[in-house]
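Please read it with the structure open.

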Amino acid sequence: MLIAQISDLHIRMPGQKAYNVVETDRFLPPAIDTLNRLDPAPDLVIISGDLTDFGKPQEYAHLKRMLDALRLPYFLMPGNHDDRQAMADAFTQHAYLRSAQGYLQYAVEDYPLRLLMLDTVVPRSGHGTLCEQRLGWLRDRLAEQPGRPTLIAMHHPPFATGIAYMDAIGLLEGAGELERIVAEHPNVERILCGHLHRTIFRRFGGTIASTCPGPAHQINLDLRPHGTGDFIMEPPGYHLHQWRDGALVTHHAYIGAYPGPYPFHE
């Protein structure tokens with residue numbers, strides 16, 4: 001099983017520059033083209049939040065037009081820049097977005113690796129949270145199939161990264177309880193996150209939690225205790241997660257065309 005992950009698209013309308021620098025919507029078509037050309041083709045794509053920049057209906061309509069070119073099944077998750085209702089209204093064919101209890105979290109059961117998508121959004125806030133209701137949903141889903149290999153996906157990473165600006169708007173509630181829940185379920189193979197626009201890994205609850213780079217701008221790697229919140233136009237990237245022989249292997253990959261491959265001989 002092969003899973004592609006992209007994250008933090010921050011789609012604005014054509015011609016609009018985020019922070020007066022980056023036209024985010026121009027970066028998504030090359031990402032889609034890269035995913036469409038993969039051989040072997042991924043079984044599915046996880047898009048782990050911040051689909052748009054302002055959560056406006058017209059941004060989701062613009063995003064959907066571009067995603068119509070993606071020839072792979074894809075699953076959407078909300079991030080702190082998203083609006084749950086506008087997402088559901090735009091992607092009506094994605095029935096799982098009509099989630100009960102007001103949160104966009106759901107299970108994907110159709111693949112060898114079970115996927116549990118967890119909603120960390122606090123409306124109109126940059127930080128995330130996992131309240132008791134959302135954690136209870138996760139406990140119940142994990143209890144249903146305690147022996148089945150499972151992947152949890154969420155927008156905000158449940159750990160401090162050392163990038164102070166982003167940690168201040170990280171998962172500010174529920175990370176400790178999430179870690180206790182995950183530690184009780186050794187079948188959880190990985191926790192996939194977005195939000196950081198970088199590749200980061202950390203041990204968490206007996207498994208590995210990771211964050212994914214973005215298809216446009218990245219968060220600047222600034223580990224100073226009082227570092228400023230900046231972004232940088234490093235190469236756009238994505239993750240490929242391969243499930244085989246009872247293990248999940250992750251590859252950081254770049255979006256776009258580059259010279260090669262060349263044989264290792266002259």
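Contact here means heavy atoms within 4.5 Å. The model is a predicted one. An open sheet of 6 strands runs in the order β4-β5-β7-β9-β11-β10, with mixed pairing. β4 (106-108) and β10 (200-204) are the edge strands, and each has a single partner, so one side of each has no neighbour in the sheet. From one strand to the next, the twist averages 20°.

**Helices on the sheet**
- Helix α4 (residues 132-144) packs on the sheet and touches β4, β5 (114-118), β7 and β9. The direction of α4 makes about 170° with that of β5.
- Helix α6 (residues 175-183) lies across β5, β7, β9, β10 and β11 (207-211). Relative to β10, α6 runs at about 65°.

- β5 is mostly covered, with 5 of its 5 residues buried.
- Arg-114, Leu-116 and Leu-118 point one way from β5, while Leu-115 and Met-117 point the other way. In a regular strand, side chains alternate between the two faces of the sheet.
- β4 pairs with β5 in the antiparallel sense over 3 bridges, and the two form a hairpin with 5 residues between them. Tyr-106 has Met-117 in β5 as its bridge partner.
- On pairing with β7, β5 runs in the parallel sense over 5 bridges. The bridge partner of Leu-115 in β7 is Leu-151.

**Strands β7 and β9**
- β7 (residues 150-154) and β9 (residues 188-193) run parallel and are joined by 4 bridges.
- Ile-191 in β9 stands opposite Ile-152.

**Strands β2 and β3**
- Strand β2 (residues 44-48) is joined to β3 by 4 bridges, and the two run parallel. From β2 the chain crosses through helix α2 (residues 57-67) to β3, and this β-α-β crossover is right-handed.
- Ile-47 has Leu-76 in β3 as its bridge partner.
- In β3 (residues 74-77), Tyr-74 and Leu-76 point one way and Phe-75 and Met-77 the other, and all are buried.

**Asn-80**
- Asn-80 lies in the loop between β3 and α3 (84-90).
- Asn-80 counts as buried because its relative accessibility is 12%, and the cut-off for buried is under 20%.
- The side chain of Asn-80 makes a polar contact with the side chain of His-155 (3.0 Å).
- Not counting residues up to four places away in sequence, Asn-80 touches Asp-50, Val-121, Ser-125, Gly-126, His-155, His-156 and His-195.

Conventions: Residues numbered from 1 in each chain as written. Predicted model: local features only at pLDDT ≥ 70, side-chain atom pairs only at ≥ 80, totals over all residues. Heavy atoms only, no water. Buried < 20%, exposed > 50% of the residue type's maximum accessible area, 1.4 Å probe, protein only. Pairing = 2+ DSSP bridges. Right-handed = clockwise from strand over helix to strand, strands pointing away. Polar contact = N/O pair within 3.5 Å; in protein donor to acceptor, adjacent residues only side chain to side chain. Axes fitted to C-alpha atoms, helices over the stretch in contact; angles between N-to-C directions.
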